[in-house]
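Please read the following note with the model open beside you. The points are numbered so that each can be checked in turn.

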Amino acid sequence: MKKPLALILALSLFVTTGCWDQVMLKDENLALAVGFDLTNKKELNTTIAIPYMKSGGGGQSPSIVTTVQILSMKTRTPRQARVKINNEIAESINATKMLSLGLGEKLAKTHIFPYLDLFYRDPRGSLNAYLYVAKGHAFDLLKVKNPSNPRIGIYLSKMLKSTNEATVTQKADIQSICADMMDPGADFELPYIEINKKDKVLSLKGVALFHGDTYTGAYLNTEQSTMLLLMKGLKEITARQTIQIADHNKMNVKNYVNIDVKNTHAHLKLKMDKNHRAKVNLLVNLGIKVEEYPHDQLFSDKQKNALNKKISKQLTLQSRQIIKILQKENCDAFAIGRRINAFHHADWIKMNKKHYFRDLTFNVTIKTKLLQQGVTY
Amino acid sequence: MIRGERKLTPAQYVFILIQTQIGVSILALPNETAQIVHQDSWIAILIAGFFIQLDIYIIWALTRRFPNFTLYEIMPVVLGKPLGKILHIIYILYTLSTATLVTILFTQLMNTWIFSNTPNFVLNLLIILVGLYISLNSIVIMSRFYMFVSLLLLVPLGLSIYVLTDVNWMYLLPVGGGGSFTKLFTGSTKALFSMLGFETLLFLYPHIAGNSFAKLKATLVSNGFVTLFYCFLTVISLVYFSPEEIVIVPRPVLYMLKEFSFSLLERTDLLFLTIWVICITTSFMTYLYLSSTGLANLLNKKSHSKMVPFTAGICLIVSSVFEVSEGDIELFTKFFTYFAFTMIFIVPLLLLIMALLRRKKESKHA
């Protein structure tokens with residue numbers, strides 16, 4: 001290569017380092033947990049948790065002390081909070097590594113999409129942050145100081161990850177709910193978290209049911225939410241359930257069995273009858289493992305079959321209860337509308353998109369199969 | 001053309017076409033077609049691919065009559081000198097404006113997606129300097145580079161296959177519910193713009209070794225590959241986003257990778273983009289090369305290398321001087337689509353008809 005050209009190319013490296021867009025971590029404060037609330041005056045209240053790392057001294061092995069600062073302010077839009085908070089702290093705020101976003105109950109009951117717009121629009125927006133609904137105010141939730149987990153952002157995201165692995169909640173991040181939020185034929189649920197005031201910890205209450213982009217105000221408790229996921233054919237690492245199989249034992253503990261679901265297969269059949277009404281038949285096959293059976297008699301096939309039948313019956317009753325709640329709230333967690341659109345397009349156009357889910361007939365049956373029973377009979 | 005020059009093998013030509021056709025606009029294509037035909041976007045892309053195969057046949061039928069002539073040499077023979085010269089200049093403008101448009105789209109992409117504070121001029125300079133460096137060489141050397149970087153296409157392919165872990169195939173149903181046939185056709189014209197590059201056959205035909213059928217085959221194969229590749233990416237975008245969502249996401253192919261994070265790696269869209277930049281640059285290089293050869297031909301220069309800094313300079317000036325908004329780019333793109341449609345479809349067809357009527361053919365002793 002000719003020398004002048006080589007020189008030009010080598011010099012051009014200086015303009016390729018991109019110093020205009022460098023982001024120095026020392027100049028930024030990472031907001032790991034963010035919460036949105038509506039005040040009584042219907043103003044937006046944004047809360048941001050910023051962790052600070054300080055060297056705690058200590059001579060040869062200095063320990064690092066983390067403190068969390070909670071900043072909260074009333075702003076017109078979520079984006080304005082960044083400007084305002086920047087004026088209050090030394091560094092500049094950076095929410096691109098946000099781990100979780102909490103929505104206060106009141107705010108969730110309005111429409112949530114406008115509040116999420118900034119995350120979709122920003123090329124650096126943190127789309128895989130966990131979303132959850134806070135019972136009461138997200139502001140109070142972020143102020144909880146758990147001694148073992150002082151950093152609230154990490155605490156929340158770890159908690160939501162573990163509940164996801166236990167098949168209690170589905171991983172719901174800002175991007176993954178977007179499809180269901182915009183689709184008139186599908187709805188979604190978000191984890192519903194409250195404060196356990198006695199122990200000063202957060203506690204997952206269940207899942208909050210949404211219709212469109214609005215929280216309906218109803219929720220499923222944690223056992224129901226696990227069952228709902230199993231009915232969708234979803235199972236993460238474990239899916240444990242405590243099921244009542246009797247009520248006559250004097251020792252209450254003997255009335256229950258604890259199972260872990262090993263596999264789930266959901267068979268959903270959708271039919272349209274002559275009057276263009278949708279009818280859904282859902283058959284869920286669960287392979288289960290008995291993890292705890294205080295009654296302690298599982299020798300013969302007869303006993304096993306009897307137990308299996310009781311479990312199937314209980315779970316079927318429980319899932320009918322869940323469908324009842326979902327239909328009452330018009331929360332189409334199974335995306336039946338999308339199915340109707342795909343396979344019965346002409347009917348879907350004529351359907352009422354607001355309460356088609358309430359209008360359809362939904363039959364559900366759960367069949368279990370006892371696969372394992374631990375290392376004793 | 002200069003005799004004794006090394007020629008492209010048909011395989012090398014396939015890679016030139018693939019790298020020229022695949023460029024910046026596929027990132028936005030699923031959104032543009034979805035705005036018109038919704039879940040049937042992938043059909044629109046297949047239709048576009050089919051029409052391009054027909055167009056390739058027309059171009060091939062024209063060029064095979066003049067096996068040793070590039071388009072620049074064909075035009076004076078078929079149309080006479082004055083008209084030929086005018087068209088010659090228009091074709092230089094066409095290739096030059098394509099190169100400029102690629103630069104502008106590249107800079108817009110970089111600006112909105114990663115480097116929001118970097119001046120546009122610097123971003124323009126980046127792509128133009130790289131393009132300049134490669135385009136100074138002969139087409140054979142360029143093709144070797146293209147062949148080498150085609151390996152990188154596997155990475156975006158792998159990343160998009162990973163997206164398939166989180167999709168809903170029901171978004172494709174009902175097939176044919178997206179709109180009427182005329183809508184499908186309008187949608188496919190959008191796809192046409194993303195598939196530009198096959199018209200290089202007009203300029204490169206004499207540079208390829210082998211008989212005319214081998215050349216036709218190479219062109220058809222690479223266009224077929226690009227069509228299927230685009231169709232694949234479009235289907236993935238369609239099943240990842242819901243129909244209501246895809247119309248509000250301007251660059252679905254990039255956007256869908258934004259959510260995915262691995263334990264070692266976050267923001268896979270940036271990884272994708274880093275590699276995709278090369279595919280964008282190769283498209284730019286080809287058009288820079290074509291406009292430079294056209295200019296060299298016009299001025300009766302033997303080598304195109306001396307023209308490259310000049311054409312690259314025009315690109316840099318045009319792309320940097322104007323402060324363009326997204327609306328301007330849209331307008332420019334729209335105008336350009338018509339321009340391109342004329343230059344690659346209508347003009348070659350007219351030239352072919354004229355050549356047939358006037359029985360013009362390259363004389364055996366030329």
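1. In chain A, strand E9 and strand E10 (residues 214–221) run antiparallel and are joined by five bridges; strands here are DSSP runs of at least two residues in state E, numbered from the N terminus, and two strands count as paired if DSSP finds at least two bridges between them. The hairpin made by E9(A) and E10(A) has two residues between the strands, and A:Gly212 in its turn has a positive phi of about 65°. Across this pair, A:Gly206 stands opposite A:Asn221 in E10(A).

2. This is a predicted model, in which local features need pLDDT of at least 70 and side-chain atom pairs count only at pLDDT 80 or more, while totals for chains, interfaces and linings use all residues. Residues are numbered from 1 along each chain as its sequence is written, chains are lettered from A and ligands numbered from 1 in the order in which they are written, and side-chain values use heavy atoms, with hydrogens and water left out.

3. E9(A), which covers residues 201–211, also pairs in the antiparallel sense with strand E8 (residues 189–196) of chain A, over eight bridges. Here A:Ile193 stands opposite A:Leu204 in E9(A), and in the hairpin, which has four residues between the strands, A:Lys200 takes a positive phi near 55°.

4. Chain B, by contrast in topic, has 16 helices and zero strands, a helix being a DSSP run of H or I with at least four residues. Of its 366 residues, 56% are buried, meaning under 20% relative accessible area with a 1.4 Å probe and protein chains only.

Definitions and conventions:
Buried means under 20% relative accessible area, exposed over 50%, partly exposed in between (1.4 Å probe, protein chains only).
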